[in-house]
Amino acid sequence: MRFQRDTGDDSQLLRRTSPPQPGLALLSQSGKPLTSHDQVTFLGQWSALFEAFQASSMKFRGRIVDIVCIQQLSRIVHTVSKLAKDVTMRITTDSVYFILNEDAVNGGGWLWADIPQDTLFQEYNMQGVSEEFNEIYLDVVADHIVKALKSAAAAKSLKVKLTKKQTPCLSFEIELPSLVPTSRTVVHDVPVSVIPRRLWNNFAQPEVEEGDVSTILQRATAT
């Protein structure tokens with residue numbers, strides 16, 4: 001498969017490291033233009049491969065050694081799980097977000113939880129899709145995280161990592177207290193789906209009007 005600029009010059013070949021853009025004529029190995037259906041199929045496959053390549057470069061690792069912070073994270077995720085089943089985790093250099101963006105017309109709602117990373121994590125490292133878009137967006141079932149954190153009620157430390165098993169996962173490594181020199185570690189792998197860059201705009205921070213609350217007290221009369 002190759003693709004050329006639509007200039008009539010069949011000798012001008014292009015090499016690209018990103019999905020083909022509009023204005024390029026896609027050609028088969030024989031040099032004939034692809035049909036519209038084949039172009040759509042090819043562009044979809046190319047975009048999927050490119051997004052998979054970007055996802056493979058993402059990294060996230062956080063460690064908590066303060067039991068109060070571990071319990072606080074558990075309470076936050078537990079609250080989120082009561083409001084929504086599937087949520088989006090947005091991971092940036094400064095914060096971890098839990099986001100719900102449902103269609104309000106169909107009875108959905110918004111959830112936006114912003115957790116500054118330095119209020120929970122004692123160690124925190126992340127690498128996003130690229131230098132320009134240094135963020136990670138994951139789709140996850142909140143209740144799965146709740147179940148994973150149940151083992152951390154009395155943990156010595158909690159490590160959270162973005163890993164690649166059969167599918168992308170958030171791995172929760174929980175170090176438990178031990179009466180012997182060797183440590184006890186429990187690992188829970190929570191499956192996640194990586195949200196591609198082209199869909200990030202669907203999870204922008206909602207614009208919320210400033211609240212205006214008035215309280216009126218009636219004048220008390222003596223009886």
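Helices (H or I, at least four residues) and strands (E, at least two) are DSSP runs, numbered from the N terminus. By this definition, the protein chain contains three helices and twelve strands. The model is predicted, so local features need pLDDT of at least 70 and side-chain atom pairs count only at pLDDT 80 or more, whereas totals for chains, interfaces and linings use all residues. Residues are numbered from 1 along each chain as its sequence is written, and side-chain values use heavy atoms, with hydrogens and water left out.

Of the 223 residues in the protein chain, 34% are buried; buried means under 20% relative accessible area, exposed over 50%, and partly exposed in between (1.4 Å probe, protein chains only). Contact means heavy atoms within 4.5 Å. Among contacts between residues at least 6 apart in sequence, 55% join residues at least 24 apart.

Helix 2 comprises the 17 residues 67–83 and reaches 25 Å from its first C-alpha to its last, close to the 24 Å expected at 1.5 Å a residue. Its buried residues are Cys69, Ile70, Leu73, Val77, Val80 and Ser81. They lie on the same side of helix 2 because they cover an arc of only 115° around the axis, the arc being that of the directions from the helix axis to the C-beta atoms. Lys82 and Leu83, on the other side of helix 2, are exposed. The partners against which the buried residues of helix 2 pack include strand 3 (59–64), strand 4 (86–91) and helix 3 (142–149). At the N-terminal end, Asp66 caps helix 2, with a side-chain oxygen 2.9 Å from the backbone nitrogen of Val68.

Strand 4 contains Arg90. Arg90 counts as buried because its relative accessibility is 16%. Its side chain makes a polar contact with the side chain of Glu135 (3.0 Å). A polar contact is a pair of N or O atoms within 3.5 Å; within protein, one must be able to donate a hydrogen and the other to accept it, and residues adjacent in sequence count only if both atoms are side-chain atoms. Beyond its neighbours within four places in sequence, Arg90 is in contact with residues including Trp112, Glu135 and Tyr137.

Where is the largest cavity lined? Among its lining residues are Phe60, Leu73, Val77, Val96, Phe98, Leu170 and Phe172. Helix 2, strand 5 and strand 10 (168–176) are the elements that give two or more residues to this lining.

Definitions and conventions
The expected span of a helix is 1.5 Å times one less than its number of residues. On a 1 Å grid over the protein atoms alone, a cavity is a set of points where a 1.4 Å probe fits but cannot get out, and a pocket is an open set with protein on both sides within 12 Å along at least five of seven lines; lining residues have an atom within 4 Å of a point.
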